[in-house]
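Keep the structure in view as you read.

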Amino acid sequence: MRQYVILTALFVIGDTILYIPAKVIGVGKESAWLSGFLAMVAGLCAAALYGVLASRFPRMTLIDIGSRTLGTWLGKSVGVLFVAFFLIDSAIVLWQVGDFMATHIMPETPIQAFLILFMLVVLMGFRLGIGTVVRSAELLFFWVVVLFAMLVVMLTPQIDPKHLKPFFDKGPNPVLRGTLQLAGYYFEAVTLMMVLPTLRKYHGITGAYLLGIAAGSFILSVTVMLCILVLGTDLTELQLFSTYVLAKKISIANFLERIEVVMASIWFFTLFFKLYVCFYATVEGAAQLLKLKDGKALSLPVAALLIPASLLLVPNVVYFNDNILNMWWGFSATFGLLLPSIFFGASLLKKKRIEPRRVRGKRSG
C-alpha cells in the first residue's frame, strides 16, 4: 500500500503544481489559500468514493465496474468514454511538458522534440512494467519532498504576510470558484483505479487513496499559499508558470541563486508519473475493451497518436489558458465524480434487488 500512496501523491501533484496556482489565485485573489484547503476536502471526499468502489469491486478496473453495475452494453459505452478521457488527459499533460521546456529551458528547440523524447521515456517505462515504475516512484518521491521542503525554507525570508490582505473582501464566490478549479484536478485521481488490478495487497485501499490525495493536495495548498505570500496575487496571476517564477526568487546571501532548474526537477518527476499513469490507463483500457490479452501491442500506436493529438488539442498557450484551464474542472468532475457516483448508486440498487429474493428463498425453505 505504501507504493500506491506514493503513486497517488505524485499523480495528484503532477502538472497541477506548475500551472494551477496562477489560475486559482487569479480567481480567489488573496483568499485563494482557503480555496486550496477546501479543494483538499473535496479531493478527500472523492478519494473515499474511489476507495469504497475499489472495496466493493476488488481488483476491477473502471471498465469492469461499469459493465458490472450498468450492464454490458451501457457499461462498455461508458468504458469507451473513460478511455477517451484518459487519452485526452495524456495528450494535455504531454503538451505541458513540451510547452514548459520550450518556453523556459530550451526556447530555440521545437516543442515536437520534447514531446517525442518524453513520450519515449514513458513508453520505455510501460514496456519495463508498472512494477518497475512504481519502485522508481518510491525512490524519487523522497527527492520531491526534499526539494519542495528546500523551496519552502529558502523562500521563507521573502514571505510578506501583508499579501494576504484584504481577506475575504469579495465574499465566498471567488473562493468557491477557485476551489472548483483546483478540485477538478483531484478528480483525475479516478484514473488510478485502472492500476488497482496490479496490486499485490488490497487491504486498506481506501486509506491508501485518502493518504495519497491528502499528501499531494497538502503540497499543492502550501504552494498556492507560498505564491501569495512571496509573489503577491497580481504578479502570480500574470505568470503561467508561477511556481517556476517562485523558484527564481530564491536568493541567499547573494550566493545561492538561479537554482530554479534544480527545483524544476520536482515537476519533471511528477509530470512523468502522471503521464505514465494516464498512458497506462489509456492502453490497458483500450486493450480491455478490445479483449486483448496484453496491452503492449497497443503501446506504440497510442504513443505515436499522443504526439500529434497533444498539438491538436492544445494549439497554443492562449487556448490552453483561456479554454482548457477554465473548463477542465467540469470535464474531470464528469468522469471523476459523476460517473463513479452513478456506479456506486447502481451497485446499491442491484444489491437491494438481490437481497429480498434471498430472504424469500430462505423463508420458503
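Helix 3 and helix 8 cross in a right-handed sense. The model is predicted.

**Helix 3 with helix 8**
- Helix 3 spans residues 32-56 and helix 8 spans residues 172-186.
- Their axes come within 8 Å and cross at roughly 45°.
- That angle falls between the roughly parallel range, under 35 degrees, and the roughly perpendicular range, 65 to 115, so helix 3 and helix 8 are oblique to each other.
- Helix 3 brings Leu34, Ser35, Gly36, Leu38, Ala39, Met40, Ala42 and Gly43 to the contact.
- Helix 8 answers with Pro174, Val175, Gly178, Thr179, Leu182, Ala183 and Tyr186.
- By class, this contact has 10 nonpolar, five polar and no charged residues.

**Helix 2 with helix 12**
- Helix 2 covers residues 16-28, and its axis lies 10 Å from that of helix 12.
- The packing angle is about 105°.
- Angles of 65 to 115 degrees count as roughly perpendicular, and helix 2 and helix 12 are therefore roughly perpendicular to each other.
- Thr16, Ile17 and Leu18 of helix 2 meet Ile266, Trp267, Leu271 and Lys274 of helix 12.
- By class, that makes five nonpolar, one polar and one charged residues.

**The nonpolar core**
- The largest nonpolar core has 125 residues.
- Met193, Tyr209, Trp267 and Phe279 have the most contacts inside this core.
- Helix 12, residues 260-289, gives the most to the core, with 17 residues.
- Leaving aside neighbours within four places in sequence, Met193 is in contact with residues including Tyr4, Tyr50, Met60 and Tyr209.

Methods: Residues numbered from 1 in each chain as written. Predicted model: local features only at pLDDT ≥ 70, side-chain atom pairs only at ≥ 80, totals over all residues. Heavy atoms only, no water. Core = buried A, V, L, I, M, F, W, Y, C linked by side-chain atoms within 4.5 Å. Buried < 20%, exposed > 50% of the residue type's maximum accessible area, 1.4 Å probe, protein only. Helix = DSSP H or I, 4+ residues; strand = E, 2+ residues; numbered from the N terminus. Contact = heavy atoms within 4.5 Å. Axes fitted to C-alpha atoms, helices over the stretch in contact; angles between N-to-C directions. Parallel < 35°, antiparallel > 145°, perpendicular 65-115°, else oblique. Left-handed = near helix turned anticlockwise from the far one by under 90°. Nonpolar A, V, L, I, M, F, W, Y, C, P; charged D, E, K, R; others polar.
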